[in-house]
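Thanks for coming. Please have the view open.

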Amino acid sequence: MVDLNAFPRRTYTDGPTPLEHLPRLSAELGGPQIWVKRDDRLGLTQGGNKTRKLEFLIADALEQGADCLITVGGVQSNHCRLTLSAARREGLDCHLIVEEDLGPTGSALGPAGANPPEFTGNFLLFDLLGADSVEVLGNGADLLGRAEELAAELRRAGRSPYVIPVGGSNVTGAFGYVDCAQELLGQFADADLDVTTVVTPSGSAGMQAGLVVGFHAAESETSVLGINVSRSQADQEPKIEDLVQATAARLGLMEVPRGSVVGLGDYVGTGYALPTEGMVEAVRLFARTEGILLDPVYTGKAAAGLIDLVRSGRFAPDDTVVFIHSGGVPGLYARTQAFA
Ligand SMILES: *Cc1c(COP(=O)(O)O)cnc(C)c1O
C-alpha cells in the first residue's frame with residue numbers, strides 16, 4: 001500500500017462509491033460475472049472520474065495560493081464541468097478553453113465548416129455554473145498553449161492562476177485513481193471477490209495510470225484493461241506507460257514492469273466523441289438490463305469493448321470483471337441523434 005496522506009487533498013465525495021453486481025447484464029452476455037464501480041456517483045456537479053483527480057489537483061492549487069483555475073477540453077468536456085464545479089465549491093475563478101468537436105467524418109472542419117457547440121449537456125452547465133470565461137477554439141487548436149498565454153495575462157493583472165492539463169491527467173491527478181485502486185481492493189475483500197480484470201475507458205490516461213500504480217503498489221494480481229476512446233493502441237500505450245512510471249516514481253515505488261499496460265484501440269471508431277454502432281448497442285444494453293445510463297464518448301465505447309471481448313471469449317465463465325463507470329452522462333443529452 002502507498003500512503004497518500006503526505007499529499008494535500010480536498011474531499012468532494014462522502015465515502016466510497018458503490019461496487020455493484022450486474023446479474024442481468026452478466027446473464028444476457030453469458031460470460032464472466034460483471035460488476036460495476038459507480039464512479040458516476042462521485043461528488044461535485046453530476047460526478048464522474050475527474051472528481052477524484054480534482055481532490056488532489058485543487059488542494060495543490062490552494063497550497064500554491066491560486067485564486068483562479070484554467071483548464072482545457074472538448075466542448076462537451078466532463079473535466080471542464082467538474083473543474084468549474086470544484087472552483088464554485090472553493091470560491092475560485094475558473095476559465096475554460098475548449099475545442100470544437102470533429103466533423104461527422106472524423107476530420108477537423110476548419111473555419112469554413114466550423115462546428116459551433118450546441119447549448120446543451122456540459123456546455124449548458126458551463127453557463128449555469130457561471131464560468132468566468134469560455135473560449136471556443138477550432139478542433140486541433142493548441143489548447144494548452146492558449147491556457148499558458150491566458151495564465152500569463154492573468155498574472156500580469158495581479159492574479160494567481162493554476163493551469164490544469166487536459167483531463168487532469170498529470171501525476172497529481174493520477175493520485176486520485178491510486179486511491180481508487182486502494183478503495184476497490186478493500187471492496188473486493190469485503191465482498192470476497194477474486195477480480196481478474198478491471199476494464200476502464202482510457203482517454204488522457206490518468207485514470208488508468210493511477211489504477212495500474214495503485215494495484216502494483218498493493219501487489220495485487222488484478223489486471224487493468226484500458227479501452228481507448230481517441231487513440232490507436234500504438235499511440236495510447238506509451239502515454240499510459242509514461243504517466244505510470246512518473247506516478248510510481250513520485251510515490252517512491254519500485255518501477256512498474258514496462259510493457260504491462262494495455263490500451264485497446266479497436267473501439268474508437270472514426271474519432272473521439274464520434275458515435276459507433278457498438279457504443280449505441282452498449283448504452284442501450286446497460287440501460288435495458290440494469291437501468292444504468294452510460295455516456296456516448298467514454299463509458300459507452302469502453303462498454304462496447306467489454307461486450308465484444310466477452311462475446312469473443314476473452315474471459316472465462318468463472319472470472320469476475322469490474323467495469324469502471326467513470327461518469328459523463330450529461331454528455332448523453334448532447335448526442336441524442338446517435339440513438340434516434
Ligand atoms: C475523462 C473521462 C474518462 C477518461 O479518463 P482519463 O483519465 O482521461 O483517461 C472516462 N470517462 C469519463 C466520463 C470522462 O469524463
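**The ligand site**

The shell around the ligand has 16 residues, and the closest are Lys50, Lys53, Gly203, Ser204 and Ser326. Keep in mind that this is a predicted model.

Where does the ligand sit? It sits in the largest pocket.

Next, where the shell comes from. Three elements each supply at least two of its residues: the helices α2 (50–63) and α7 (206–217), and the strand β7 (197–202). In terms of domains, the shell draws at least three residues from domain 1 (4–48 + 170–339) and at least three from domain 2 (50–168).

What is the make-up of the shell by class? There are 10 polar residues, four nonpolar and two charged.

In the side chain of Lys53, an N or O atom is 2.6 Å from an oxygen atom of the ligand. Met207 uses its backbone instead: an N or O atom there lies 2.9 Å from a ligand oxygen atom.

On its own the ligand has 380 Å² of accessible area, and the protein covers 98% of that.

That is the site; I will take questions now.

Note on methods: Residues are numbered from 1 along each chain as its sequence is written. This is a predicted model: local features need pLDDT of at least 70, side-chain atom pairs count only at pLDDT 80 or more; totals for chains, interfaces and linings use all residues. Side-chain values use heavy atoms; hydrogens and water are left out. A residue is near a molecule or strand if one of its heavy atoms lies within 4 Å of it. A polar contact is a pair of N or O atoms within 3.5 Å; within protein, one must be able to donate a hydrogen and the other to accept it, and residues adjacent in sequence count only if both atoms are side-chain atoms. Accessible areas come from the Shrake-Rupley method with a 1.4 Å probe; for residues, only the protein chains shown count as cover. On a 1 Å grid over the protein atoms alone, a cavity is a set of points where a 1.4 Å probe fits but cannot get out, and a pocket is an open set with protein on both sides within 12 Å along at least five of seven lines; lining residues have an atom within 4 Å of a point. A molecule sits in a cavity or pocket if more than half of its atoms lie within 2 Å of its grid points. Helices (H or I, at least four residues) and strands (E, at least two) are DSSP runs, numbered from the N terminus. Ala, Val, Leu, Ile, Met, Phe, Trp, Tyr, Cys and Pro count as nonpolar, Asp, Glu, Lys and Arg as charged, and the others, Gly among them, as polar. Domain bounds come from an automatic or database domain assignment.
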